Amino acid sequence: MDDVVEKAFESYRLWLENIDDVELKEELLSLKGNEEEIIDRFYKDLEFGTGGLRGKIGAGSNRMNVYTVARATQGYANYLKKYKDFPSVVIAYDTRRYSDLFARVASSVLAANNIIVYIFDQVAPTPLLSYAVRRLKTDGGIIITASHNPPEYNGYKVYTADGTQAVPRYANEITNEIEKLDYFKDINIVSFEEGIQSDKIIILNEEIFNDYLDEIEGYIRSLNPNLNVKPVIVYTPLYGAGLKLAHDILTRLGFEVNLVEEQSKVDPDFPTLKVPNPEEKDAFELALKKAKKVNANLVLATDPDGDRIGVYEKFNDEYVTFTGNQVGVMLTHFLLRKFYDYSSIKPGDYVVKTIVTTDMVKPIAQEFGVEVEETLTGFKFIGEKIEKNKKKGKKFLFGFEESYGYLANDHVRDKDAIITAALIAVMSSELLAVNKTLTEYLKELKERYGFYEEKLLSFTYEGFLGIQKINRIMSKMRKMPPVKIGEYELKETLDYLKGVEGFPKSNVVELRYGKVKLIGRPSGTEPKIKFYIMVNGQSEEEAKQLINEAEKAVFEIVNV
């Protein structure tokens with residue numbers, strides 16, 4: 001502990017001596033005497049995880065700022081140049097604080113390293129970045145975003161040439177390059193204007209947006225959707241980059257879209273929200289008010305980088321919501337039924353989900369003669385799986401994860417709230433045409449395939465002490481897990497860190513208790529540990545009882 005503190009204060013002194021950004025220097029000077037804050041900002045470098053950087057904005061090595069962004073980009077540049085003589089990269093950014101600045105800094109570092117940069121001329125969602133990497137055939141991509149985190153956060157995600165977020169084997173190589181670098185001595189950088197003048201930085205315009213929309217519209221139309229009865233839609237981008245594309249695809253398909261005006265502008269403070277996360281019911285407060293006013297059938301919300309989507313529906317004069325698992329189950333069945341009816345399903349066709357995503361898709365896929373493949377948590381692994389299987393000649397039909405991320409079609413390798421908004425609207429249209437709601441559709445699916453229920457419990461532990469607490473919890477799961485959940489005894493423990501067949505090693509523990517699965521994992525992007533409860537009951541009541549029993553077990557585990 002003493003070594004950590006000493007290292008933090010030494011790093012603090014070095015930053016004070018070397019930074020030339022006036023605003024950040026004043027911020028550091030204001031910390032004098034605040035030992036706890038200095039330690040938190042400097043006890044480590046902001047970690048380059050499996051998707052990149054994410055952290056609070058501010059001065060310090062454990063914060064998002066122009067220096068941490070420049071260093072990460074120099075490391076990424078060094079990595080690319082090991083494999084390519086003349087690499088190229090696409091850069092996008094969302095509506096958060098300093099996102100455009102960080103994007104320009106990253107562009108300027110890459111340009112100084114003789115790397116061609118394509119940068120958007122306006123905010124762009126994550127799926128469009130993945131699309132652009134693939135469409136422009138670049139060697140990688142960067143998007144500046146902290147997804148659905150609170151406003152004090154920002155982040156930096158790296159993509160490989162296939163349009164997938166960097167999976168561990170690539171992220172580890174990039175990390176190795178970054179860790180060799182001094183923040184102040186080893187960074188090559190030119191001005192953004194100089195990069196443009198030297199043709200190293202190329203500005204992307206509306207054309208790439210339109211090409212992406214054409215691709216999605218073509219896919220939706222290929223499903224031969226029945227759009228005779230269209231739902232009235234309320235949509236909110238939650239101040240994010242999904243606004244333009246989500247609105248445009250829905251209107252292209254002929255839907256009436258009512259925007260939540262307050263949340264359809266750029267405001268990085270997200271003033272009407274606790275957090276800009278469509279998984280949270282609070283995020284829908286203004287959208288539901290608007291829905292009641294215009295008598296909407298559907299309410300849709302995308303997160304600030306436009307890759308996640310949440311849904312409400314009007315049912316019996318009230319607005320009800322669905323979990324990410326439930327939306328994924330409905331879309332899986334809806335699409336497989338379409339493909340089956342058109343006789344387009346062939347041996348080897350598959351859907352893909354993560355290990356913490358509902359097992360309800362398994363009996364559905366089995367009925368339609370489709371395989372189910374699983375990956376570790378994180379859509380990057382789904383993207384990687386799609387790319388590998390494409391090379392084997394296997395056809396991807398649909399993929400999703402419980403945290404409100406979905407993908408259909410072959411245009412990107414990341415979750416895509418834009419195409420999902422269109423799919424949900426089309427699914428609702430076809431159900432309305434036979435006087436049915438999404439709620440009734442889900443009920444039918446449960447009665448047919450089983451009463452699967454899931455619940456996520458998340459615990460936040462900040463700072464250095466928080467990391468120690470999370471480590472203790474994971475150790476307890478491995479060494480002293482609960483012996484029973486309800487009447488079901490522990491049958492199997494899967495420790496993915498030791499290795500589970502078919503999966504890369506990861507700090508994840510899965511406990512199996514008959515009809516109950518309990519999976520624990522530290523978040524890769526936030527100071528949290530997450531527990532995923534997955535049950536399959538004989539009835540709705542039994543499923544809910546099993547969830548309650550599993551929750552008690554989780555609280556027992558975290559009590560260390």
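Residues are numbered from 1 along each chain as its sequence is written. Because the model is predicted, local features need a pLDDT of at least 70 and side-chain atom pairs count only at pLDDT 80 or more, while totals for chains, interfaces and linings use all residues, and side-chain values use heavy atoms, with hydrogens and water left out.

**The sheet**

Helices (H or I, at least four residues) and strands (E, at least two) are DSSP runs numbered from the N terminus, and two strands pair if DSSP finds at least two bridges between them. Four strands form an open sheet in the order 13-12-14-15, with mixed pairing. Strand 13 (371-375) and strand 15 (405-407) are at the edges with a single partner strand each, so one side of each has no neighbour in the sheet. On average, and with direction ignored, neighbouring strands of this sheet are turned by 15 degrees against each other. The table lists the pairings.

| Strands | Sense | Bridges | Residues standing opposite |
|---|---|---|---|
| Strand 12 and strand 13 | parallel | five | V351 and V372 |
| Strand 12 and strand 14 | parallel | four | V351 and F398 |
| Strand 14 and strand 15 | antiparallel | three | G399 and L407 |

Where in the sheet is a positive phi found? In the hairpin of strand 14 and strand 15, which has three residues between the strands, Y404 takes a positive phi near 65 degrees. Strand 14 has six of its six residues buried, so it is largely enclosed by the rest of the structure; buried means under 20% relative accessible area, exposed over 50%, and partly exposed in between, with a 1.4 Å probe and protein chains only. Helix 14 (residues 379-391) lies across strand 12, strand 13, strand 14 and strand 15, and runs at about 155 degrees to strand 12, where axes are lines fitted to C-alpha atoms, for helices over the stretch in contact, and angles run from 0 to 180 degrees between N-to-C directions.

In helix 11 (residues 285-294), the residues L286, A287, L288 and A291 are buried, and their cover includes strand 7 (232-236), strand 9 (298-302), strand 10 (309-315) and strand 11 (318-321). Just after this helix, N295 takes a positive phi of about 55 degrees.

S523 sits in the loop between strand 21 (516-522) and strand 22 (528-537), and S523 is buried, with a relative accessible area of 13%. Apart from neighbours within four places in sequence, S523 is in contact (heavy atoms within 4.5 Å) with K528, I529 and K530.

**Two spaces**

On a 1 Å grid over the protein atoms alone, a cavity is a set of points where a 1.4 Å probe fits but cannot get out, and a pocket is an open set with protein on both sides within 12 Å along at least five of seven lines, while lining residues have an atom within 4 Å of a point. The largest cavity holds about 40 Å³ of space, and its lining includes N325, Y452 and E454. Helix 12 (324-341) gives the most to this lining, with three residues.

The second largest pocket holds about 400 Å³ of space. Of the 20 residues that line this pocket, the closest to its centre are Y79, T160, A161, D162 and Y170. Helix 14, which lies across the sheet, is among the elements that give two or more residues to the lining of this pocket.

Key
Points joined across faces, edges and corners; volume = space filled by probe spheres on them.
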